[in-house]
Amino acid sequence: MSASPCAACGFANPAGALYCGNCGSALGRPCPSCGTIVSPELAFCTSCGAALAADEPVAAEERK
């Protein structure tokens with residue numbers, strides 16, 4: 001794998017990086033089936049074709 005340039009700042013991140021080492025932006029996410037790093041906005045893995053689950057928001061802690 002080659003370097004992953006950040007779309008937000010252009011920083012050349014090492015292959016396989018999930019977040020930019022310069023600005024912290026998300027670069028991708030691993031496919032649950034094959035582990036290939038894919039863009040966060042994709043619905044299917046570009047390597048194996050597996051469906052990628054949509055990111056579910058984390059529930060905030062409820063305080064009373």
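Asn13 lies in strand 2. Please keep in mind that what you see is a predicted model.

What does the side chain of Asn13 reach? At 3.2 Å there is the backbone oxygen of Phe11. A polar atom of the Asn13 side chain is also 2.7 Å from the backbone nitrogen of Gly21. Leaving aside residues up to four places away in sequence, Asn13 touches Ala3, Ser4, Cys6, Tyr19, Cys20, Gly21 and Leu27.

Ser4 is on that list, and I will take Ser4 next. Ser4 sits in strand 1. Is Ser4 buried or partly exposed? Its relative accessible area is 22%, so Ser4 is partly exposed; the cut-off for buried is under 20%. With residues up to four places away again left out, the contacts of Ser4 are Phe11, Ala12, Asn13, Pro14 and Leu27. Ser4 and Gly16 are 12 residues apart along the chain, and their C-alpha atoms are separated by 7.6 Å.

Now the chain as a whole. There are four strands and zero helices, and from the N terminus the order of elements is β-β-β-β. The chain has 64 residues, of which 19% count as buried. Its accessible surface is about 4700 Å², with 54% belonging to carbon and sulfur atoms. If we take contacts between residues at least 6 apart in sequence, 3% of them join residues at least 24 apart.

Next, the nonpolar core. In soluble globular proteins, nonpolar side chains tend to be buried together. Which residues make up the largest nonpolar core here? There are five: Cys31, Val38, Cys45, Ala50 and Leu52. Among the residues that Leu52 touches, not counting those up to four places away in sequence, are Cys31, Val38 and Cys45. Leu52 also touches Arg29, Pro32, Leu42, Ala43 and Phe44 by that count. Cys31 has a relative accessibility of 4%, so Cys31 counts as buried.

That brings us to the cysteines. How many disulfides are there? The count comes to zero. Take Cys9: the closest cysteine sulfur to its own is in Cys20, at 3.6 Å, and that is too far for a bond, because a disulfide needs two cysteine sulfur atoms within 2.5 Å. Cys9 is partly exposed, at 36% relative accessibility. Cys31 is in no disulfide either; the nearest cysteine sulfur belongs to Cys45 and is 3.8 Å away.

Last, confidence. The average pLDDT of the chain is 83, and 81% of the residues score at least 70. Which strand has the lowest confidence, and which the highest? The lowest is strand 1, residues 4-5, with a mean of 82, and the highest is strand 2, residues 12-13, at 93. Over residues 56-60, the pLDDT is below 50, and beyond near neighbours in sequence this stretch has zero contacts in the model. Where pLDDT is low, the predicted coordinates should not be read in detail.

To go back to where we started: Asn13 is in strand 2, and strand 2 has the highest confidence. That is all I have.

Methods: Residues numbered from 1 in each chain as written. Predicted model: local features only at pLDDT ≥ 70, side-chain atom pairs only at ≥ 80, totals over all residues. Heavy atoms only, no water. Core = buried A, V, L, I, M, F, W, Y, C linked by side-chain atoms within 4.5 Å. Buried < 20%, exposed > 50% of the residue type's maximum accessible area, 1.4 Å probe, protein only. Contact = heavy atoms within 4.5 Å. pLDDT = per-residue confidence, 0-100. Helix = DSSP H or I, 4+ residues; strand = E, 2+ residues; numbered from the N terminus. Areas by Shrake-Rupley, 256 points an atom, 1.4 Å probe, with all protein chains shown as cover. Polar contact = N/O pair within 3.5 Å; in protein donor to acceptor, adjacent residues only side chain to side chain.
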